[in-house]
Amino acid sequence: MLKGFKISMLSLRIRIFISMILLIIVASVLLASISIIQFKNEAKEYHQERLERKENAVKEHINYILSTTTYPLTSENLDLIFKDKIHELAHIHNIEINIYDLDGKLLKSSKESFSIDKVSPPIPAYILKLVRSSIEKRYVDIKTINGVKNRSSFTQIKDDKFKPLGVLNLPYLEDDGFYEKELHNFLIRLSQVYSFMLIVAFGLAYFLSSYITKSLKTISDKLNETSLNQKNEKILLEASSKEINLLINAYNRMVDELEKSAVKLAQGEREGAWREMAKQVAHEIKNPLTPMRLTVQSFQRKFDPNDPNITQKMKDYSETLIQQIDTMNAVASAFSNFASMPAQQNETLNVVEVVELALDIFNEEHIVFESESPEIIAKIDRTQLIRIITNLVKNAIQSIPEQQENKSVSVSVRKESNDVLITVKDNGIGMKQQDIDRIFEPKFTTKSSGMGLGLGIIKNIIENYKGTITFDTELGKGTQFTVSLPIINS
């Protein structure tokens, strides 16, 4: 049963020894890494919150000054309004304060040695743009200078009618000395603890490895003679260890059961494989029949020999039927060669056009299609793409109760990075919580008819393209499936 399985006592002892040491080292490194990240996050949050508190306090003080000033509230008067107040503000709040006009020109600064003249550096244009475009009219610029992180907040100053007057700038220098000292002390204590644990682990690993290998030595020779490709012999041995005896007895019972079930298992696997293949063949052949039937019914209902576009419509109907017939033919050919799915016949096509064409077979008026672009070119199998769309749309239609008044099935296509995203959303009954984890399982279905192979098969198709299929559902409100396929152009 275990042919080629040779137990080297020395090798096993070394492996146990090394495993325990590595476990201690990995645990210590992991804990140290988590601690460092935690300390850094705490420091970051502390500085961020401290800057926000100071900024809010300064803004409240500024609003009070603006409400009590006798000067007209204009950008030009900010210099006069804060002429005698800005140093008082900086002293009260213990922070440097700079006031700029709306174009980024410095008007007033609390920095004593700062000379306000034409060479004073203005606010960069990109920062002004970010301040204006943000919802809060605020932006925090973070830069690292000489290894020290500097935060600088920019926020609009407004009058009592919320009209922008200027820009308030609060430079803030991060001081992580306290957190770095705490982290240093913690890492020293951690290294001391794990050094002691490492010494203990050395002794414990040596003891355990010696004990375990001594017990296993008595049965290693028997195990070396066991093979999967021959009749297995039982181990006839009485060990001094109760655990080893339990292992031997369990192995002997397994040999007996394995011998009895080997033939049944092989036969059952063959029968199961044929049954599963038969179900998949039936499902894959039946799947294109529904859209073909819908196409014929639609043609029969809408046919008008006097329609000036009758030639184009007949061409469209014919192409739809031919595509579904090609799909059936591909499935039949593939299964006849003992393949579970048709081989990919990739071609360069417009995904938007193929999806829209696949929807033409459905007669439901509540199906809505939209695409952000008229053309998304990708290399993919046309029949497999159509199969994905028709299966998802058919499931969406069937999930909406017949008696429901407002029915909606929306299909959309869009490009995101190097992927094409296809979504199919319905306002049907949704899925129960206990069904969510099983929705892609073969032979599982929430419907009264069908074999439940559709979603499992299209999931295989999508994954063969290195894509993904996900869904969001809410009981009583509907379900949305999202298919992501990489765009392959070569």
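Where is the place of leucine 22? Leucine 22 sits in helix H1, residues 9-68, where helices are DSSP runs (H or I) of at least four residues and strands are E runs of at least two, numbered from the N terminus. This is a predicted model, in which local features need pLDDT of at least 70, side-chain atom pairs count only at pLDDT 80 or more, and totals for chains, interfaces and linings use all residues. Residues are numbered from 1 along each chain as its sequence is written, and side-chain values use heavy atoms, with hydrogens and water left out.

**Leucine 22**

- Leucine 22 counts as partly exposed because its relative accessibility is 47% (buried is under 20%, exposed over 50%, partly exposed in between; 1.4 Å probe, protein chains only).

**Second largest pocket**

- The second largest pocket has a volume of about 480 Å³, the space filled by probe spheres set on grid points joined across faces, edges and corners.
- Among its 24 lining residues, Asp141, Ser152, Phe154, Asn169 and Pro171 are the closest to the pocket centre (a pocket is an open set of points on a 1 Å grid over the protein atoms alone, where a 1.4 Å probe fits, with protein on both sides within 12 Å along at least five of seven lines; lining residues have an atom within 4 Å of a point).
- At least two lining residues come from each of strands E1 (98-100), E2 (106-109), E3 (138-145), E4 (148-158) and E5 (164-173).

**Lysine 302**

- Lysine 302 belongs to helix H6, residues 242-302, and is exposed because its relative accessible area is 52%.
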